[in-house]
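This briefing covers helix packing and salt bridges. Have the coordinates open while reading.

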Amino acid sequence: MNNPTLNAKSIGEFSRFIIEQKANMKKQYDQLLAHDLSHQQWDGCFQRNVLIVLEKTYQDALAKLQTLPFDHAGSTVNQGLADLTKSVLTVFDGFIDEFLLIVVDKHRTSCALSNFPDEHKPDQVYLSTVRSDIALLWRNFALDINAYFLDCR
């Protein structure tokens, strides 16, 4: 028998976990940027650090998801996509845009990066490259979540 209440409760707990991660992501990014600047590794720091933080966040999110109880009895799969995967991925709506706004603002207000225009004010080409890399991370993360839910059926 399907228990949608259990699934909704677990997705709610997962959502709260992701909200909590936002502060951790900013802190982790700040630490990575400070390390780069102290070691004069500013070239590509925006791209490198965004990807490091997101990869860690996605790993932590998958690990958290795997600790939560889900009822798979009534779950469906449509074209290889588990319905629970869709519900979980919805938690991330706006997540990347919000993180990138914080990071870009950090770079634009950084006096230490002002001598490095590509890093101080990332242009649309640089942002597009970073977004492409993020899309690959996201794709792998979504596939990992889906594989987890399919394995649990």
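At what angle do the axes of helix 2 (residues 45–65) and helix 4 (residues 95–108) cross? They cross at roughly 145 degrees. The model is predicted. The notes below take the helix contact, then the charged pairs.

**Helix 2 against helix 4**

- Two packed helices are described by the angle between their axes and the distance between the axes.
- Here the axes of helix 2 and helix 4 come within 12 Å.
- The crossing of helix 2 with helix 4 is right-handed.
- Helix 2 brings C45, F46, V50, V53, L54, T57 and Y58 to the contact.
- Helix 4 meets them with F95, I96, F99, L100, V103, V104 and H107.
- The residues of this contact divide into 12 nonpolar and 2 polar, with no charged residue.

**Salt bridges: the count**

- How many salt bridges does the model contain? The count comes to 7.

**K64 and E13**

- K64 pairs with E13 in a salt bridge, with the closest N and O atoms 3.3 Å apart.
- K64 belongs to helix 2 and E13 to helix 1 (residues 4–38), so the bridge ties together parts that are 51 residues apart in sequence.
- K64 is partly exposed, at 22% relative accessibility.
- E13 is also partly exposed, with a relative accessible area of 31%.

**K56 and D60**

- K56 forms a salt bridge with D60, and the closest N and O atoms lie 2.8 Å apart.
- Both residues sit in helix 2, 4 residues apart, so about one helical turn separates K56 from D60.
- K56 counts as partly exposed at 36% relative accessibility.
- D60 is partly exposed, with a relative accessible area of 25%.

**R131 and D97**

- The side chains of R131 and D97 meet in a salt bridge at 3.1 Å, N to O.
- This pair links distant parts of the chain: R131 lies in helix 6 (residues 124–152) and D97 in helix 4, 34 residues apart.
- R131 is partly exposed, with a relative accessible area of 40%.
- D97 is partly exposed, with a relative accessible area of 39%.

Definitions and conventions: Residues are numbered from 1 along each chain as its sequence is written. This is a predicted model: local features need pLDDT of at least 70, side-chain atom pairs count only at pLDDT 80 or more; totals for chains, interfaces and linings use all residues. Side-chain values use heavy atoms; hydrogens and water are left out. Axes are lines fitted to C-alpha atoms, for helices over the stretch in contact, and angles run from 0 to 180 degrees between N-to-C directions. Helices (H or I, at least four residues) and strands (E, at least two) are DSSP runs, numbered from the N terminus. A crossing is left-handed if the near helix is turned anticlockwise from the far one by less than a right angle, and right-handed if clockwise. Contact means heavy atoms within 4.5 Å. Ala, Val, Leu, Ile, Met, Phe, Trp, Tyr, Cys and Pro count as nonpolar, Asp, Glu, Lys and Arg as charged, and the others, Gly among them, as polar. A salt bridge is a side-chain nitrogen of Lys or Arg within 4 Å of a carboxyl oxygen of Asp or Glu. Buried means under 20% relative accessible area, exposed over 50%, partly exposed in between (1.4 Å probe, protein chains only).
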